[in-house]
Amino acid sequence: MNSEDPKQLLVISGKGGTGKTTIVASFAALADGEVLSDCDVDAADLHLILHPEVKTREEFSGGKVAVKDDNLCTDCGICREHCRYDAIDENFEIDSFSCEGCGVCEYVCPEDAITMEPVLSGYSIESSTEYGNMAHGELVAGEETSGKLVTDIKQKAGKIAEDTGKELIIIDGSPGIGCPVIASLSNVDLALIVTEPTLSGLSDLRRVTGLLDHFEIQGNIVINKYDLNLEVTGKIEELAEEDGLTLLGKIPYDSVVTEAMVHEKSVVEYSSSPVAREIESIWKKVKRALKDVS
Ligand code: SF4
Ligand code: SF4
């Protein structure tokens with residue numbers, strides 16, 4: 001990455017439903033038309049608030065599946081002997097749901113009767129919103145977000161930023177610590193972890209912090225609905241201090257967040273509640289922290 005590349009802010013959480021999207025949508029409204037990127041494709045709900053208008057929608061293939069040409073097949077059975085996933089039946093037909101796309105059958109078939117063909121996993125999309133351009137994804141039913149799709153969405157966001165001269169990409173990351181999150185961490189300048197004061201939130205936070213440490217990414221933290229359990233909030237604050245995370249804010253519980261969602265608005269546009277004011281204060285701190293990242 002060179003100094004002219006746009007900066008990347010990644011908002012993540014240990015699990016879904018911690019209020020991550022509420023914060024990203026508010027940041028989108030507070031930012032000055034920066035590029036947005038929704039990498040939480042399994043639970044993509046940023047569009048419910050940002051109402052993107054699709055500009056391009058490209059097919060995305062996350063893997064391949066073996067396809068047999070019956071005209072070439074001689075029923076020798078060699079492919080079945082070698083398939084470790086039991087994806088080829090006694091009639092040497094390939095079950096595309098069991099096929100893991102390893103390509104061994106294509107390699108061993110003496111008749112070249114098998115080819116590996118891409119499977120449609122979803123779509124990689126570029127849209128415009130009233131808050132700026134957005135890169136996001138959509139999955140075909142039954143498919144899960146893959147690291148590849150997240151990488152594709154991030155590359156798209158990077159290209160949009162480059163073409164439009166924007167200096168920041170705000171990324172709504174996948175929850176957890178799996179492959180999609182790891183893909184979303186690449187080239188990130190600042191990570192903001194959104195957590196809630198529950199015991200599971202505390203252990204999720206430890207796992208996410210470990211991941212950020214591993215990739216040497218500066219971690220910041222926001223405690224959402226902090227007043228629902230002040231004891232656990234205190235423990236999270238202690239953990240943040242021990243792990244060198246910067247606490248950027250504590251958002252109180254308020255039903256106005258749900259009301260804003262029902263009205264398909266970010267909470268900072270919907271109200272001037274304490275929640276909205278706290279998110280505005282967090283955004284100011286995020287901007288300052290981004291300035292300090294070289
Ligand atoms: S190895 Fe090739 S020719 Fe033999 S059964 Fe499989 S597909 Fe048919
Ligand atoms: S690609 Fe691999 S998993 Fe799929 S049918 Fe061939 S050998 Fe089996």
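Glu238 lies in helix H8, where helices (H or I, at least four residues) and strands (E, at least two) are DSSP runs numbered from the N terminus. Glu238 belongs to a negative surface patch together with Asp213, Glu216, Glu241, Glu242 and Asp243. Helix H8 gives the most to that patch, with three residues.

Before I continue, a word on conventions. This is a predicted model, in which local features need pLDDT of at least 70 and side-chain atom pairs count only at pLDDT 80 or more, while totals for chains, interfaces and linings use all residues. Residues are numbered from 1 along each chain as its sequence is written, chains are lettered from A and ligands numbered from 1 in the order in which they are written, and side-chain values use heavy atoms, with hydrogens and water left out.

The patch criterion is as follows. Patches are made of residues with over 30% relative accessible area and no salt bridge; like charges are joined within 9 Å, and nonpolar side chains (Val, Leu, Ile, Met, Phe, Trp, Tyr) within 5 Å. Accessible areas come from the Shrake-Rupley method with a 1.4 Å probe, and for residues only the protein chains shown count as cover. Lys and Arg count as positive and Asp and Glu as negative, while His and the chain ends are not counted. The place of a charge is NZ of Lys, CZ of Arg, CG of Asp or CD of Glu.

There is also a patch of positive charge on the surface, where Lys284, Lys287, Arg288 and Lys291 gather. Of these, Arg288 sits in helix H11, residues 274-292. Arg288 is exposed, at a relative accessible area of 52%; here buried means under 20% relative accessible area, exposed over 50%, and partly exposed in between (1.4 Å probe, protein chains only).

I turn to the salt bridges. A salt bridge is a side-chain nitrogen of Lys or Arg within 4 Å of a carboxyl oxygen of Asp or Glu. By this rule the count comes to twelve salt bridges.

One of them joins the side chains of Lys20 and Asp172, at 2.6 Å from N to O. This pair links distant parts of the chain, since Lys20 is in helix H1 (residues 20-30) and Asp172 in strand E6 (residues 168-172), 152 residues apart. Are these two partners buried or exposed? Lys20 counts as buried at 4% relative accessibility, and Asp172 counts as buried at 0%. Lys20 and Asp172 are also linked with Asp40 in a network of salt bridges.

A further salt bridge connects the side chains of Arg57 and Glu138, with an N to O distance of 2.7 Å. Again distant parts of the chain are linked: Arg57 is in strand E3 (residues 53-68) and Glu138 in strand E5 (residues 132-139), 81 residues apart. Arg57 is partly exposed at 43% relative accessibility, and Glu138 is partly exposed at 33%.

Helix H8 returns in the next pair. The side chains of Glu237 and Lys250 form a salt bridge at 3.6 Å, N to O. Glu237 lies in helix H8 (residues 230-242) and Lys250 in strand E9 (residues 246-251), so this pair ties together parts that are 13 residues apart in sequence. Glu237 counts as partly exposed at 28% relative accessibility, as does Lys250 at 29%.

Next, the domains. The protein chain is divided into domain 1 (7-60 + 122-292) and domain 2 (70-112), with bounds from an automatic or database domain assignment. What separates the C-alpha centres of domain 1 and domain 2? They lie 43 Å apart.

Two residues with positive phi deserve mention. Asp112 has a phi near 50 degrees, a positive value in a residue other than glycine. Asp112 lies in the loop between helix H4 (104-108) and E4, and is exposed, with a relative accessible area of 60%. Asn187 has a phi near 65 degrees, also positive in a residue other than glycine. Its loop runs between helix H6 (179-184) and strand E7 (190-195), and Asn187 is partly exposed at 47% relative accessibility.

Ile114 is found in strand E4, residues 114-129, and is buried at a relative accessible area of 4%. The C-alpha atoms of Ile114 and Ile94 are separated by 9.8 Å, the residues being 20 apart along the chain. Leu211, in helix H7 (residues 199-214), is buried at 13%. Leu211 and Leu185 are 26 residues apart in sequence and 9.3 Å apart in space, C-alpha to C-alpha.
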